[in-house]
Structure formats: C-alpha cells, structure tokens
Amino acid sequence: MKCMIIGGFLGSGKTTTIRKLVEYLGAQGQRTAIIVNEIGEIGIDGDTISKGGVETREITSGCVCCTLRISMEYTLKSLITSYRPDTIIIEPTGIAFPRQIKSNIQSMHIPEINFAPIVSLVDPGRLSPDAGDLQNFVRNQIEDAEVLGINKVDLIGPEKLLETCLLLRKLNPKARIVHFSARQGGEDLDKLFCLIGRDSQSKTIHEARNSVEMSGVSAYSTEFEITSHDISLETVVSVSGQILDGIRNRVTQLNPEFIGHIKLSFAHKENFVKGSVTSAHDKPEIEILKKEGNYRSRVKVLSAVTSVSREELIETVDTTVSGQLNDRQLSYINVGKNGHGYSHAKINPFKQRNC
Ligand SMILES: Nc1nc2c(ncn2[C@@H]2O[C@H](COP(=O)(O)OP(=O)(O)O)[C@@H](O)[C@H]2O)c(=O)[nH]1
Ligand SMILES: [Mg+2]
C-alpha cells in the first residue's frame, strides 16, 4: 500500500491537487483513502474532497506531525483494517513538516506501507523571492520535499516562475521541481502524479520539531446551523462571499501582510458552497459542489493566519459570520465543535490552543 504525503503552506493548493489525484487514481482502478488534518477544531475539506468510492477521515484540533501523532496512528490503522486501500493520501495542515509525518508513520511499524516521494506545494505568488525572508517552517517544508510542486502557474508569468525555481533549487538542490496549475490540470499536473507513483528514496531523520510553535499561526474554526427555511442557493453563494470578504478585511486591518487560509463550506440541500481566501489581496473564490443527499443548512468557517492573536481571530470570525447572517435575517445557532448550541454571537468557549 502506497502512502502519499502532499504538504505545503496554508492555501498552496493541497486539497485542489488531491481532488485531481483521486480522480487520476480512480481512473487506474485504485482504492484510495484520504486523511485530512486541519489545525482548527472543525474540518472543512473532508466534506468536499471525496467523491463516491473514496474513504476520507479528518483529524482536527492540532497538527499530526507533532501534537497529534497518536490520533494519526489510530486513524491510519483503523482505515487500513476497515477499508484496505491501495493508496492513502495524507493532507497535512499547512504548517506541518512532511518528513516528520513520514518518520512518525515509519515508527508505527505498519508492514504494508511504502512511501511515495514527499511532495511540498508552493504558491509562487505568496513566496518571498528572498530566501532570507522566508519563515523557518516554510523553509523547512521546502527542504523536506523530494518533489517540489510550483502550483498556480496560471496566475504568474515566466519570470516569476523562473525566480521561484531558482529560489527552490537554492534551498533544496536535490528535489525534483515540477510546475502546474492544479485548478486547470492537464499534462503538467500528470507529471506530478507520475513522480509520486514512484517510491521514495529519502532516508528519514528522527527529530522532534513542533510545527505549531514554529509557525506563529493562529487558527480558529466554527460552525453555524441555519434554522431559517427556504434559503435560495443564490443567497447562500452571496452570503458566503460576504463572510469571506468581511473576515479578510478585518484580518487585513489587524495584519495587512497576513498570509494563511480562510475557508468556508456552506452545506445547503444537495450543494456544498465552498469558498477560500489566502491573502489580503485575494478575492474570495467560490465554487459549488453537488453531493448526494439533502443536507441541513450549515456554514463552517476555518481560519488559520499569521501574526494575528487567536482572541482577535475568534472575535473576527464569530462577529463577521453572525453579522452577515443577521443582515440577511437568517436565524441560526452557533453549534461550534461538538454540536452543542449556545447563543448568537458569543465568543466560542473552547479552550485557547497554541495553533
Ligand atoms: N488560480 C489558481 N488557484 C488555485 C490553484 N490551486 C488552488 N487554487 C485556489 O487556491 C485556494 C487554496 O486552495 P486549496 O487547495 O484549498 O489549498 P490548501 O489549503 O493547500 O488545501 C483555493 O481558492 C483554490 O481554488 C491553481 O492552480 N490556480
Ligand atoms: Mg486543504
């Protein structure tokens, strides 16, 4: 059984790439399972990453490379026993060290597993051209990789691509470097899939770095159940865009240079409206995914950003979501992590966490 670790900074395109990879493996008749790790308390990508025939598990509230090793071991072993996949794809949090995840899994002594080369994705538009400016953990993610994937090339010109290649080569002289647009797919992305079909050649070093402490990223996620009936899909799409816009604007006031990932998933009847913002300059990207079933209306928001305190982030997310829902006269319950209701626009009572 092959284990693929697809790492990379918050918002670099891991989920988008994995969605395409799952289709690619499915076309080859492979049984695929995915483990998605989110640093917030509520997972978002697990809802939308899987299509029929793929088993997805979410691990939340921390990072599997350091604080949640035991959850990872349990999830991996139960997935192997219950589903017997040919391939397990791991999407770590955007602050994780992929090599540390590999080393943790190796120490679990699961005989069936062999590893694909470790992948780290990079979003060139948000990577400083000066190696000295890179945060330690971004540099570590680049150094950890056996394959470096420069994603979102549809957004950059040839000069920026060259500059990014040179920077990556300087930081990691050995890795294979490929470039593609995960969104557009095509031959360039297939090259990545071809490379990760091979076996990993790297030796792992056993070390204990704490990604949560090193990243300086604050994270918060929350969930609201919408109790109003008869909401149109149009309203869901527009309120989703406004929530993301509102959070981005307020986070930008707190830290104009923030990078990170603010994500939203709005389940509504048979649709999942999914939205995402990765920097102060980004416009919210909204897509509508159809899923089988008839879902109760729920909106989940996950935010993970640099250099903003967690208290400020909680306040920002909770008041923006409730403010937008109030403006639309939609009634709701803030159900938070465990599905326990508490009254509108209160600060989430969960304990402060590091990440
Ligand atoms: N233009 C463009 N946007 C992309 C591409 N890949 C991902 N994105 C967008 O970047 C944002 C973050 O992507 P996602 O896959 O959720 O990142 P993750 O946090 O690494 O899992 C989303 O809005 C995606 O639609 C790409 O190749 N081109
Ligand atoms: Mg993701």
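Trainee: In which strand is Glu223 found?

Mentor: This is a predicted model, in which local features need pLDDT of at least 70, side-chain atom pairs count only at pLDDT 80 or more, and totals for chains, interfaces and linings use all residues. Residues are numbered from 1 along each chain as its sequence is written, chains are lettered from A and ligands numbered from 1 in the order in which they are written, and side-chain values use heavy atoms, with hydrogens and water left out. Strands are DSSP runs of E, at least two residues long, and helices are runs of H or I, at least four, both numbered from the N terminus. Glu223 lies in the strand of residues 217-226, which is β9.

Trainee: Is Glu223 buried or exposed?

Mentor: Buried means under 20% relative accessible area, exposed over 50%, and partly exposed in between, with a 1.4 Å probe and protein chains only. Glu223 has 9% relative accessibility, so Glu223 counts as buried.

Trainee: Which side chain makes a polar contact with that of Glu223?

Mentor: A polar contact is a pair of N or O atoms within 3.5 Å; within protein, one must be able to donate a hydrogen and the other to accept it, and residues adjacent in sequence count only if both atoms are side-chain atoms. Contact in general means heavy atoms within 4.5 Å; leaving aside neighbours within four places in sequence, Glu223 has such contacts with residues including Ile42, Val299 and Gly336. The polar contact, at 2.6 Å, is with the side chain of Arg298.

Trainee: Which residue in β7 stands opposite Val122?

Mentor: Two strands pair if DSSP finds at least two bridges between them. β6 pairs with β7, residues 147-150, in the parallel sense over four bridges. β6 also pairs in the parallel sense with β1, residues 2-8, over three bridges, and there Val119 is the bridge partner of Ile6. In β7, the residue opposite Val122 is Ile150.

Trainee: How far apart in space are Ala96 and Ser215, C-alpha to C-alpha?

Mentor: Ala96 sits in the loop between β4 (87-91) and α4 (98-106), and at 2% relative accessibility Ala96 counts as buried. In sequence, Ala96 and Ser215 are 119 residues apart. In space, their C-alpha separation is 8.9 Å.
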